[in-house]
Amino acid sequence: MNSSYVDIVALYLFPASYSFQIKRSRMAGCINQGNVKFSNIFRKGTGRYRDLAQDQDQDQDQIIDGHEISVELKSSSEGGEEMDGSFPPSPQKPNRKWSKVAKIVLIVIFFFIAGYLIGYVTHRKPDVTVNTTASVKTLSSAAEDADGEPKSEPNDSEPSQSFADWSSVTAALREKLTTANFRKSLQDFSSPNHQAGSDGDHDLAEKVFAKFGSLGMDKWMDVHYVKLQVPSGENKVSMETEEIGRPKGYLAYSATGTKQGKVVYANYGRREDLEKLQNQKLNLTENIALVRAGKISLAEKVANAARFGLAAVLIYRETNRESELNAEFFGQVHLGTGDPYTPGFPSFNHTQFPPSKSSGLPEILAQTITAETARKIHLKMGGNNAPEEFAGTLPGVSKYTLGGETDVTVTINNVLADTKIFNIFGVIKGFMDPDRYVVLGAQRDAFSHGFAKSTVGTALLVELASAIRDMMKDGFKPRRSIVFASWSAGDFGSVGSTEWLEGYISSLNLRAYTYISLDSTVSGINQFKASSSPLLHKLLKNTMDEARSPLDASRSISEDFAGSKWEQSVLEPMRMEDGAYPFLAFSGIPSVSFRFVSDSDFSGTDLDTRENLDAATKQKLLEVCVSAAQFAGQMTLRLVHDHILNLDVDEYTRIIRKNMRGIGKQIKQVAAINPNASFVLKDSWLSSVIGSYSRAANALHNEIKNSDLDVAETCRNINDRIMRVEHNLLSPYVSPRDVPFRHIIFGFGVYSVGALLEHLGSLTQQAVGSDADLFRNQFALITWTIQSCANDLAGDVWALDNQI
């Protein structure tokens with residue numbers, strides 16, 4: 001058989017990328033040419049091959065997708081070649097017997113080829129898409145591999161039919177997350193000593209790394225070299241001449257040395273609390289503040305005390321239980337996150353470390369004390385009676401006073417230690433947009449036992465990774481990737497995660513579109529709380545409606561914990577010590593944290609043990625862990641499952657309007673006080689910028705409704721605009737090194753809404769230092785930050801509706 005025929009047949013053995021109509025045309029051409037070839041081979045008569053032109057009017061030509069493919073069979077006569085004398089010039093007497101055999105063979109071969117081609121074409125896989133643009137390439141490759149078997153490549157463009165709808169996805173996740181698995185994981189990742197950089201921390205890192213590997217995930221680690229502050233000797237607290245405490249707990253990044261002064265009681269150490277002390281004519285300069293934990297972060301308490309001229313701060317955890325009076329308390333007081341000695345840049349090994357430090361490091365002493373030590377001070381401090389809202393619950397303290405009469409001495413002997421830490425990562429890659437990903441993270445370290453603080457979160461991390469990998473074995477295919485991260489040095493101020501963010505500051509906001517924190521997710525069972533970017537509020541509520549309650553599996557989290565006004569009962573402001581905060585305020589990545597809580601919070605103390613957590617969850621720890629994993633898992637899967645990201649850009653319209661309404665109200669107050677002053681301000685910009693963002697959000701919704709979401713590039717373009725909203729609310733007018741938390745709504749710094757409102761208050765009171773020109777500058781740059789966000793959300797420059 002001539003090789004040209006083999007080439008022709010090979011063209012039709014790889015038909016997966018062509019339409020049925022094209023295949024049928026090609027098959028007919030193949031059969032016609034095959035008949036001619038076989039006729040020539042077995043032809044009676046002359047001993048010379050006959051030219052096909054003698055049997056057909058023209059060569060068999062195929063027209064495929066607008067390209068003409070000519071198949072020309074060249075006879076020996078065209079090349080002037082004669083046969084080698086095998087055939088004598090005189091006609092041969094026909095052999096009728098062999099002629100019949102040849103015809104039978106021809107018919108059998110004809111029907112075999114026809115049946116094979118028809119069967120292959122009509123039984124092709126229904127989910128293989130037609131791609132006519134690649135037809136020429138496919139034909140070429142088919143012709144080059146004529147001996148290969150016909151193959152149909154697996155289709156990765158759509159998930160398995162077993163996960164065709166969202167309910168099947170959530171049902172599969174619930175099936176994979178079991179109390180038995182959590183019982184084992186909690187045992188495997190529990191450690192009595194796993195402070196950042198310790199052998200226990202490294203052992204846990206190896207376990208997580210090995211677990212990701214056993215699941216078949218791509219895994220890697222980042223190594224950082226950071227400065228952590230640890231005690232070098234005993235810290236002491238004395239009252240008058242009596243030593244009243246040598247606490248084992250401490251506050252990392254405190255100033256060191258010894259300070260003595262009058263002790264004053266400052267409630268929670270908020271600015272308003274310290275202002276009340278000033279209003280009571282108490283002298284705060286170079287004195288010692290006694291404050292209780294709660295309401296604001298430990299770092300904010302120390303920063304407020306320094307602002308009012310205090311020399312040191314003693315912080316205790318309040319309790320009404322005698323059994324908890326001697327609990328040791330740990331924390332950190334850097335007003336920021338990450339390594340404070342590499343501010344704004346990562347502490348990788350190849351980094352050249354300049355002699356710099358964060359402006360958020362305190363200049364005053366700060367130390368934790370036990371509730372027992374605090375009780376001794378309260379009983380002896382004297383002074384005027386404290387306001388009613390200052391009253392606490394310490395056993396044996398019936399009257400709270402403001403102090404200012406008794407000397408207290410504080411000695412702190414902490415030192416900096418160069419420490420090697422590991423961040424561990426595993427990834428489940430998406431099939432459509434693998435370079436867009438959700439990040440789930442949990443800190444691995446703790447100052448003490450840290451069972452609720454870190455062990456539960458680590459168990460949630462590995463169990464979610466295991467569950468989703470099992471779902472993929474059953475056919476689930478996430479459209480986008482999921483990165484699982486185990487951080488170190490979380491107790492020192494999200495050091496591990498912040499160093500990672502700093503290391504990839506130019507790319508993460510373009511690729512990571514959500515961060516879900518698993519830190520401290522289970523500390524009780526009485527309430528459910530969450531903190532998140534407004535972009536995630538809608539997804540948060542929908543997931544609460546779907547995820548099952550740990551109290552009753554037949555009910556949802558919303559039914560048992562949310563009530564009729566879920567925002568008031570569930571949502572809390574995101575604090576700086578929240579593991580999700582640097583992702584939101586530093587990198588501009590929509591972030592969320594959530595937690596099941598109780599009235600007793602042992603976080604940061606040596607009471608954070610498995611036994612106490614069992615009691616706080618009413619012996620339902622495993623059930624609460626399963627509910628927490630379901631909640632985090634369903635949020636994650638929803639974000640990687642749908643065509644369009646579940647980030648609600650409309651919610652920022654409400655948030656921006658709420659903030660701008662407060663600014664506009666104060667602007668009118670300033671104008672009323674000083675109607676003829678040069679710094680009379682206008683709020684017309686506010687209406688314009690709110691309108692610009694609102695119109696951009698509405699235009700995006702209309703575009704989504706009118707777009708073909710089966711086109712991958714369309715979805716990607718829309719999703720990229722949605723995920724950039726958060727990042728576009730970072731002020732571009734300040735350096736991330738000088739002002740790391742640049743988010744104009746959730747951050748700090750001169751160009752944040754909080755700073756703007758504070759400055760407006762000073763202008764209203766005509767306070768010393770208020771500057772109308774500075775305010776107008778702040779106001780303009782914040783307004784233009786929002787306007788720029790609206791412009792990017794609107795899309796292409798010719799789609800902008802800029803009314804400002």
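Modeller: Just after helix α10, Gly 382 takes a positive phi of about 70°. Keep in mind that this is a predicted model.

Colleague: Is α10 mostly covered or mostly open?

Modeller: Mostly covered: seven of its ten residues are buried.

Colleague: Which ones are buried?

Modeller: They are Ala 371, Glu 372, Thr 373, Ala 374, Arg 375, Ile 377 and His 378. The buried residues of α10 pack against β4, β5, β7, β8, β9 and β11.

Colleague: OK, tell me about that sheet. What is the strand order?

Modeller: The sheet is open, and the order is β5-β4-β12-β7-β8-β9-β11, with mixed pairing. At the edges are β5 (242-245) and β11 (365-369), each of which pairs on one side only. From one strand to the next, the twist averages 35°.

Colleague: Remind me, how do strands pair in general?

Modeller: Strands of a sheet pair through backbone hydrogen bonds, either parallel or antiparallel.

Colleague: And how do β7 and β12 run, parallel or antiparallel?

Modeller: Strand β7 (residues 257-265) and strand β12 (residues 403-412) run antiparallel, and seven bridges join them. To find the pairing on screen, look for Val 264, which stands opposite Gly 403 in β12.

Colleague: Switching topic: at what angle do α5 and α19 cross?

Modeller: At roughly 145°, with the axes of α5 (residues 166-176) and α19 (residues 621-641) coming within 10 Å. The crossing is right-handed.

Colleague: Which residues meet there?

Modeller: From α5 there are Trp 166, Val 169, Thr 170, Leu 173 and Arg 174. They meet Gln 630, Gly 633, Gln 634, Leu 637, Arg 638 and His 641 in α19. By class, that contact has four nonpolar, five polar and two charged residues.

Colleague: Why would residues three or four places apart point the same way?

Modeller: An α-helix has 3.6 residues a turn, so residues three or four places apart point the same way.

Colleague: Last one, the whole protein. How many helices and strands?

Modeller: There are 24 helices and 18 strands. Of the 804 residues, 53% are buried. The accessible surface comes to about 36200 Å², and 49% of that belongs to carbon and sulfur atoms. Also, among contacts between residues at least 6 apart in sequence, 79% join residues at least 24 apart.

Technical notes: Residues numbered from 1 in each chain as written. Predicted model: local features only at pLDDT ≥ 70, side-chain atom pairs only at ≥ 80, totals over all residues. Heavy atoms only, no water. Axes fitted to C-alpha atoms, helices over the stretch in contact; angles between N-to-C directions. Helix = DSSP H or I, 4+ residues; strand = E, 2+ residues; numbered from the N terminus. Left-handed = near helix turned anticlockwise from the far one by under 90°. Contact = heavy atoms within 4.5 Å. Nonpolar A, V, L, I, M, F, W, Y, C, P; charged D, E, K, R; others polar. Pairing = 2+ DSSP bridges. Buried < 20%, exposed > 50% of the residue type's maximum accessible area, 1.4 Å probe, protein only. Areas by Shrake-Rupley, 256 points an atom, 1.4 Å probe, with all protein chains shown as cover.
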